[in-house]
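Okay, thanks for coming, everyone. Let me put the model up and then walk you through a few spots.

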Amino acid sequence: LILSGVFLIFDFIYLRTMEGTLQLILFVPLLIVSGLYIITMLFIIPVYVHYDLKITDYLKNACFLGILNIHMTLLMLGTLAAIVFLSFYQPGLIPFFSMVSVAWILMFGGIYSFNRIEARQRRLNTN
């Protein structure tokens with residue numbers, strides 16, 4: 001996943017060197033793929049901890065879970081952005097709001113999404 005992220009960053013850097021219509025044509029799909037990458041990165045750890053799947057199923061389920069619960073994805077992104085902003089402007093708070101807070105936010109969003117899907121499955125099974 002890290003190599004994929006590095007590849008996306010290099011693609012953005014390369015696209016900045018291009019001009020004209022080709023840049024716009026290549027920028028839109030790259031933006032969509034980057035969005036899917038970010039969604040997958042947000043949900044990969046909760047899916048990995050919660051389920052026992054194959055590697056490709058982890059990636060697929062993390063992406064689908066983030067798309068199905070886009071409101072939680074946006075909330076997680078906003079909260080993580082707030083933590084990063086707080087860390088840059090108040091470095092003394094890094095010991096208190098570092099990885100533990102990030103992990104808590106990711107797991108909170110993941111468990112909320114898992115519960116919604118399980119409730120939907122229970123409703124479908126009872127009908």
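I'll go through a helix pair, then a pocket, then one tyrosine.

Quick housekeeping: this is a predicted model, with local features needing pLDDT of at least 70, side-chain atom pairs counting only at pLDDT 80 or more, and totals for chains, interfaces and linings using all residues. Numbering runs from 1 along each chain as its sequence is written, and side-chain values use heavy atoms, with hydrogens and water left out.

So, the pair. Helices here are DSSP runs of H or I, at least four residues, numbered from the N terminus. The axes of α2 (residues 21–50) and α5 (residues 99–126) come within 9 Å and cross at roughly 65 degrees; axes are lines fitted to C-alpha atoms over the stretch in contact, with angles from 0 to 180 degrees between N-to-C directions.

Next, what lines the largest pocket? Met41, Leu42, Ile44, Ile45, Leu77, Leu80, Ala81, Val84, Met99, Val102, Ala103 and Leu106 do. A pocket, on a 1 Å grid over the protein atoms alone, is an open set of points where a 1.4 Å probe fits, with protein on both sides within 12 Å along at least five of seven lines; lining residues have an atom within 4 Å of a point. The elements giving two or more residues to this lining are α2, α4 (70–89) and α5.

Last one: Tyr37, which sits in helix α2. Leaving aside neighbours within four places in sequence, Tyr37 touches Leu1, Ile2, Ser4, Gly5 and Leu8. A polar atom of the Tyr37 side chain lies 2.7 Å from the backbone oxygen of Leu1.

Note on methods:
Contact means heavy atoms within 4.5 Å. A polar contact is a pair of N or O atoms within 3.5 Å; within protein, one must be able to donate a hydrogen and the other to accept it, and residues adjacent in sequence count only if both atoms are side-chain atoms.
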